[in-house]
Amino acid sequence: MYRNTLRYRWFASTNALLLTAISILCILPLLHVAAVSFSSSSAATANQVYFWPVGFTKEAYLRTLDNPLFLQSLFLSVERTIAGTLLSMFLTVTAAYTLSRSFYGRSFYSWFFVFTMLFNGGLIPTYMVITGLHLTNTLWALILPSAVNVFNTILMMQFFRAIPKELEEAALIDGAGYLRSLTSIYLPLSLPSLATLSLFAMVWHWNSWFDGLIYMTDYRQYPLATFLQTIIQSGDMRNTNIDPGQLQILSERTVRSAQILIGALPILIVYPFLQRFFVQGLTMGAVKE
């Protein structure tokens, strides 16, 4: 009955218009970058490109995909994202499942995890640990410092605590152990939360650039986000391995736009497949009966 009222229809219409406007504002910068990447050098340099290519050309993409440094940083980011997400989710699930159980000292360990969210060693001690372990210029320097995300662990713990305990008790009576209970009961029932937290981890590893900048002394070991940051923000195109004469033909804006779009493409492809789990994963476990 409430949905048929004038107030509800007015609210729904206003909400739809507002969300549509916000969506358009989020899409327009991406359309502009895509248009610049497919435009000619003269049009991009003269700021004549808005949301449609001017002087359509694919030369920027051909030169970008022919750049070994860009491809190396792209493959490194893919490797980091896959390995980092798998390791992070493994540690998150195992820690969350343990903390969701009732055992002596559980409160101490829970607050120990929370304490690390409020206080941490800081940048310099973390850098000293990484260099002391001789992890610089290795993939582990990008994965291990952020392997355990306490916020994700707490969310996962709440998801597990929302699952009825009777299911695990029945499995234990039938002879299943805690590991079998985790893999056969908790994980299948927590697919929305697993997809949501996996998306968080993937986006973090893919977009993280600062750790690559401080832990990688060789620019050839930069992940894609760090590689793009160095040539976009600082304007340093020397490490792009593109001939200066070609840069004059292509324009720095078209090359940068092509690299930005290629860098954002994997997340744009993966997100729609995980979106249906996103809202359910965030709300699951939020209400405790």
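Biologist: By class, how many nonpolar, polar and charged residues are in the lining of the largest pocket?

Modeller: This is a predicted model, where local features need pLDDT of at least 70, side-chain atom pairs count only at pLDDT 80 or more, and totals for chains, interfaces and linings use all residues. A pocket is an open set of points on a 1 Å grid over the protein atoms alone, where a 1.4 Å probe fits, with protein on both sides within 12 Å along at least five of seven lines; lining residues have an atom within 4 Å of a point. Ala, Val, Leu, Ile, Met, Phe, Trp, Tyr, Cys and Pro count as nonpolar, Asp, Glu, Lys and Arg as charged, and the others, Gly among them, as polar. The counts are 18 nonpolar, 11 polar and 2 charged.

Biologist: Which residues lie nearest the centre of the largest pocket?

Modeller: Its lining has 31 residues. Nearest the centre are Pro145, Ser146, Ala147, Val148 and Trp204.

Biologist: Why does Leu194 count as buried?

Modeller: Residues are numbered from 1 along each chain as its sequence is written, and side-chain values use heavy atoms, without hydrogens and water. Leu194 touches Met89, Val93, Met156 and Leu187 (heavy atoms within 4.5 Å), leaving aside residues up to four places away in sequence. Buried means under 20% relative accessible area (1.4 Å probe, protein chains only). Leu194 counts as buried because its relative accessibility is 15%.

Biologist: What is the average pLDDT of the protein chain?

Modeller: pLDDT is the predictor's confidence in each residue, from 0 to 100. Of the residues, 86% score at least 70, and the chain average is 79.

Terms used. Buried means under 20% relative accessible area, exposed over 50%, partly exposed in between (1.4 Å probe, protein chains only).
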